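Welcome! Here is a friendly walk through a structure that may be new to you. Take a look at the sequence and the model, and then read on.

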Amino acid sequence: YQMKKLLIVVSRYNNTNFILEKTKKTLIKKKIKWEIIKVNGAFEIPVVISKNLRKFDAFIAIGIIIKGQTPNFDFISQAITNGLIDLSILSKKPIGNSILTCLNSKQALNRSNKGSEAVEAVLDVLNPKNK
């Protein structure tokens, strides 16, 4: 299966640029075409992917959610994860989840490779290898 185009949906909130840059480097190395749509926060990512399901072969969701003092973190994280899984299953298209759920910014920086890992996961779904 040759992927024609991938959509990266990236949250502007909590500075996700370091994840996005590593993701783009991986896509360049793999010779995959992509487009980027930036959204305000991670909560908007599933709906933007939903609106673009017909236009792309696969998706990468990039965001950072940092736990605050309220239970909102748990609700938001779970809602986004469920939304992405449901979209992927219903559309039969892979969505690489690089939405980091962290306790602080340092944890997010230490997980900067998650975008590249999401690209690999998407490719594995499109081109499964029998190991």
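Two residues are said to touch, or to be in contact, when heavy atoms of theirs lie within 4.5 Å. With that in hand, please also keep in mind that this is a predicted model.

**Proline 46 and its neighbours**

Let us begin with proline 46, which lies in helix H2. Which residues does proline 46 touch, leaving aside those up to four places away in sequence? They are Ile80, Leu84 and Leu87. Is proline 46 buried or exposed? Buried means under 20% relative accessible area. Proline 46 has 12% relative accessibility, so it counts as buried. From proline 46 to phenylalanine 59 there are 13 residues in sequence, and their C-alpha atoms are 10 Å apart in space.

**Two helices that pack together**

Next, turn to a pair of helices. Two packed helices are described by the angle between their axes and by the distance between those axes. Here the pair is helix H1, residues 17–29, and helix H5, residues 114–126. Their angle is about 40°, and their axes are 7 Å apart. The crossing in which H1 passes H5 is right-handed. On the H1 side, the contact is made by Ile19, Lys22, Thr23, Thr26 and Leu27, while H5 brings Gly115, Ser116, Val119 and Glu120. By type, the residues of this contact of H1 with H5 are 3 nonpolar, 4 polar and 2 charged.

One of these residues deserves a second look. Serine 116 has its place in helix H5, and with a relative accessible area of 12% it is buried. Not counting residues up to four places away in sequence, serine 116 touches Lys22, Thr23 and Thr26.

Now move to the loop between strand E1, residues 6–11, and H1, where asparagine 14 has its place. Asparagine 15 lies in the loop between E1 and H1 as well. Asparagine 14 counts as partly exposed, at 29% relative accessibility. Asparagine 15 counts as partly exposed too, at 48%.

**The largest pocket**

Asparagine 14 also leads us to a pocket. The largest pocket has a volume of about 300 Å³. How many residues line the largest pocket? There are 16, and the closest to its centre are Tyr13, Asn14, Ile65, Asn72 and Ile76. Strand E3 (58–66) and helix H3 (72–91) each supply at least two residues of the lining. By type, the lining divides into 8 nonpolar residues, 7 polar and 1 charged.

Lysine 38 is found in strand E2, residues 34–39. With a relative accessible area of 42%, lysine 38 is partly exposed. Lysine 38 touches Val10, Arg12, Asn17 and Leu20, again without counting residues up to four places away in sequence.

Asparagine 40 is found in the loop between E2 and helix H2 (45–51). Exposed means over 50% relative accessible area. Asparagine 40 has 54% relative accessibility, and therefore counts as exposed. Asparagine 40 touches Ser11, Arg12 and Tyr13, not counting residues up to four places away in sequence. Asparagine 40 and proline 94 are 54 residues apart in sequence, and 23 Å apart in space from C-alpha to C-alpha.

To close, here are the C-alpha separations side by side.

| Pair | Apart in sequence | C-alpha to C-alpha |
|---|---|---|
| Proline 46 and phenylalanine 59 | 13 residues | 10 Å |
| Asparagine 40 and proline 94 | 54 residues | 23 Å |

Terms used: Residues numbered from 1 in each chain as written. Predicted model: local features only at pLDDT ≥ 70, side-chain atom pairs only at ≥ 80, totals over all residues. Heavy atoms only, no water. Axes fitted to C-alpha atoms, helices over the stretch in contact; angles between N-to-C directions. Helix = DSSP H or I, 4+ residues; strand = E, 2+ residues; numbered from the N terminus. Left-handed = near helix turned anticlockwise from the far one by under 90°. Nonpolar A, V, L, I, M, F, W, Y, C, P; charged D, E, K, R; others polar. 1 Å grid on protein atoms, 1.4 Å probe; cavity = no way out; pocket = protein on both sides within 12 Å on 5 of 7 lines; lining within 4 Å. Points joined across faces, edges and corners; volume = space filled by probe spheres on them. Buried < 20%, exposed > 50% of the residue type's maximum accessible area, 1.4 Å probe, protein only.
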